[in-house]
Amino acid sequence: MSACVNERVYRQEAGLKSKVALFNNFADNHTKKQAVNPFSNDKCVSNLPKPKISKEDYGRPAKGSLSEQRAFKATIQVCKEMLQLCEVIEQCGEPLFLPHEKDNDGRKVISFGNLFSIYQGISDKVVGMLIRARKHQLVDFEGECLFQRRDDHVPIITLKSYKQIYQILKEKIDTAAQQLKESIATYGELDTGNYF
């Protein structure tokens, strides 16, 4: 009986020691990160050198972090939603110019009221997606933000043909998916979800 008890106690102590070591390692890493964090309230370690951040890395999450993987996944999702919005405009909009006015102009126009009523069944983020698509120079409209009823008459114009928009967004989706795959291959998947 004493041999079994001693073996079990040894296993418990070994497990406890490894957990304590893991906790201490985590605490040490946290202290090191806080030492170079400009927003940390810990004054005793502020004499350590501050990290040098390049212009390209400023405002971006650390490589291999969960935040970086979330950013890649968000880019993929937003691009897919912008593509869906532009597809609705392509299908339901009218040509900006008639063929005899301007040949091979694939741009379309639709009023905000019509787009809102059509897109309402797809998503409730039509205004946010329009603003995002305008930021990516895919569509244009007057005003900063559109409101239902007040701006129903405002035309939404695609700035490129649907084929061009598809190519631009597909390239962004593929780039983000490749970066996500590389991050997962290098650092492991920190979050679950199917985004490919």
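The model before you is predicted, so local features need pLDDT of at least 70 and side-chain atom pairs count only at pLDDT 80 or more, while totals for chains, interfaces and linings use all residues. Residues are numbered from 1 along each chain as its sequence is written, and side-chain values use heavy atoms, with hydrogens and water left out.

I begin with the helices. Two packed helices are described by the angle between their axes and the distance between the axes. Helix α2 covers residues 66-92 and helix α4 residues 126-135; helices here are DSSP runs of H or I with at least four residues, strands are E runs of at least two, and both are numbered from the N terminus. The axes of α2 and α4 come within 10 Å and cross at roughly 100 degrees. Axes are lines fitted to C-alpha atoms, for helices over the stretch in contact, and angles run from 0 to 180 degrees between N-to-C directions. The two helices are therefore roughly perpendicular to each other, a term for angles of 65 to 115 degrees.

Which residues of α2 meet α4? They are Val78, Glu81, Met82 and Leu85, and their partners in α4 are Val126, Met129, Leu130, Arg132 and Ala133. Contact means heavy atoms within 4.5 Å.

I turn next to single residues. Gln137 sits in the loop between α4 and β3 (139-140). Its phi is near 60 degrees, a positive value in a residue other than glycine. Arg149, in the loop between β3 and β4 (155-158), also is not a glycine and has a positive phi of about 75 degrees.

Are these two residues buried or exposed? Gln137 is exposed, at 53% relative accessible area, and Arg149 counts as exposed at 66%. Exposed means over 50%, buried under 20%, and partly exposed in between, with a 1.4 Å probe and protein chains only.

Thr158, by contrast, lies in strand β4 and is buried, with a relative accessible area of 3%. Beyond residues up to four places away in sequence, Thr158 touches Ile89, Gly106, Arg107, Lys108, Leu138, Val139 and Ile165. The C-alpha atoms of Thr158 and Leu138 are separated by 5.9 Å, although the two are 20 residues apart along the chain.

Methods
Angles under 35 degrees count as roughly parallel, over 145 as roughly antiparallel, 65 to 115 as roughly perpendicular and the rest as oblique.
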